[in-house]
Amino acid sequence: MVCRLGNGRKPVDPCAIVIFGASGDLTARKLIPALYHLHKEKQMPPDFRIVGFARREKTDASWRVELRQALDQFSRTKPVDDQVWQDFAQRIFYCQGDLTDASAYTRLEQSLSAFGNEPLRRNLLFYLATLPSQFGPVVEQLHAAGLLRREAETGWQRIVVEKPFGHDLESARRLNHELTRFAGEQQVFRIDHYLGKETVQNILMFRFSNSIFERLWNRESIDHFQITVSENLGVGQRGGYYEEAGALRDMVQNHLLQVLSLVAMEPPVSLDAEPIRDEKVKLLKSIRPMTSEDVSRQIVRGQYFAGAVNGEQRPGYRQEPKVKANSNVETYVALKVFVDNWRWSGIPFYLRTGKNLPLSVSEVRIQFRPTPHVLFAAQCGQKLDPNAITLRLQPNEGISLRFNGKVPGTSIEVRPVRMHFSYDAEFGAYTPEAYERLLLEAMVGDATLFIRRDEVETAWQIVDRIRASWDDKPLSNREFYSAGTWGPVAADDLLAQAGHVWREPLLVKS
């Protein structure tokens, strides 16, 4: 029994995709490989063009050579299919110009018109792989060149922008204003590649297509949530960026709050983009505001010092390139938040993320309430493990159910056992890259997996309150952690307040 949704979905229109910042890493590592695979899988429209826009002088032919070399390195399927590449490459073009030069946009308009197919001039996807400070000037120049209209009479124009969406609420509002001066909100697609991951999308399906789980998804059955997004790498060469951002801005404001909203939101009225995004925003707005005293009790930051990750020696954060010797920037953050609505009243949500932790893992653990203190619980006490569901988002994507079972033998011995569903084992190894899904959705015009203006601003409100409470306070000894461990002692104290402990992610094999 297979139910295929989206059979009524409109086909992808012929279009031109214009990539600003086409000489950058993102284009070579992610965008072109994603578009190549969509073409290979016959997901692209029947007619399309890709135009790279950047300052460096290149010809169409030289840029195609560069992209082929990058594809050989970064393609998720190897070797690259020469026949598919040849068909794909003949649709790739290059436009040299400065982002602030009006004449360059005139040349871009002439290039698009020269394709000789009206939809390729009319249906335009502008991918801004540039600094956020350049979003406003690019949008203004596109409008001045007649390439971007708020309400096009025929065809469509859409703008795709990468995070960061500002560095605080004020800058996010300013950025949103710049983006919507010449385009409507429905034309702006804010991309968070995390939402393109297959398993993140599966959170909604897991919850709302399985009655056995959704009826347990409330304060009556669930004790608490643990959301972990860990990385086993340090900041490396990104020290300069991290000094400005820190883990709170880099990970919590987007990835962790996005996962939290999907895990905890109410059922949408339909599977259309706006009802889903409405519920996500409602959830974020239900997160209990924190005073400075609340922040000191409910938020833990940390910073790694020198240690070993999987046997490899790592320097401390303060010894990384472009990092101040006395820096108080957090490389780890753990939060305890409450959602003040009927479903989740009083239930803690624990979120954590950090650099130089033992594993690179993203998962959600739903810890159920313990059994009544009779029968087995009366005799086993704390040794009777509460039931749990773990949604493993990456790597080795899957879902695990943890419950108690009898150990075989003549004695009565109880221990936790695990039932595990693996995507790879069930469906095979094919999982499209996040950018493949997101680029396809942007061409179709489905904004479900993209972040709306009010969503961005609500998330920044939460994060700004925390940052204001820290106010350059120095880190305490309990907030430092050795590289290769699961974080500072203060993070364990955070959960111990309520009698909880962190459950460390396991290396799950498919």
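1. Which residues of the largest nonpolar core touch the most other members? The model is a predicted one, and in it this core holds 106 residues, among which Phe-20, Leu-108, Phe-225, Leu-260 and Phe-349 touch the most other members. Helix α10, which covers residues 239-264, gives the most to this core, contributing 12 residues.

2. Leu-260 deserves a look of its own. Once residues up to four places away in sequence are set aside, Leu-260 touches Ile-227, Leu-283, Ile-287, Val-337, Phe-349 and Leu-351. There is also a second, separate core of 42 residues, and Met-44, Ile-50, Leu-71 and Val-84 are included in it. As general background, nonpolar side chains tend to be buried together in soluble globular proteins.

3. How many aromatic pairs does the structure hold? There are 22 of them, and one is formed by Phe-20 and Phe-126, whose rings are tilted, with 6.3 Å from centre to centre and 45° between the planes. This pair links distant parts of the chain, since Phe-20 belongs to strand β1 (residues 15-20) and Phe-126 to strand β4 (residues 124-128), and the two residues are 106 residues apart.

4. Are the two partners of that pair buried or exposed? Phe-20 has a relative accessible area of 0% and is therefore buried, the cut-off being under 20%. Phe-126 likewise counts as buried, because its relative accessibility is 0%.

5. A further tilted pair is made by Phe-53 and Tyr-105, with 5.3 Å centre to centre and 35° between the planes. Because Phe-53 lies in strand β2 (residues 48-54) and Tyr-105 in helix α4 (residues 102-114), the pair ties together parts that are 52 residues apart in sequence. Phe-53 is buried, with a relative accessible area of 0%, and Tyr-105 is buried as well, also with a relative accessible area of 0%.

6. Beyond these individual pairs, the reader may wish to locate a cluster in which ring pairs link Phe-206, Phe-213, Trp-217, Phe-225, Trp-344 and Phe-349. Phe-225 and Phe-349 were already named in the first point, among the residues that touch the most other members of the largest nonpolar core.

7. Finally, where do charged side chains sit over rings? Arg-49 lies over the face of Phe-115, at 5.3 Å from the ring centre, and the charged end of Arg-301 is placed over the ring of Trp-470, 5.3 Å from its centre.

Terms used:
Residues numbered from 1 in each chain as written. Predicted model: local features only at pLDDT ≥ 70, side-chain atom pairs only at ≥ 80, totals over all residues. Heavy atoms only, no water. Core = buried A, V, L, I, M, F, W, Y, C linked by side-chain atoms within 4.5 Å. Buried < 20%, exposed > 50% of the residue type's maximum accessible area, 1.4 Å probe, protein only. Helix = DSSP H or I, 4+ residues; strand = E, 2+ residues; numbered from the N terminus. Contact = heavy atoms within 4.5 Å. Phe/Tyr/Trp six-rings, centres within 6.5 Å; stacked < 30°, edge-to-face > 60°. Lys NZ or Arg CZ within 6 Å of the ring centre and 35° of its normal.
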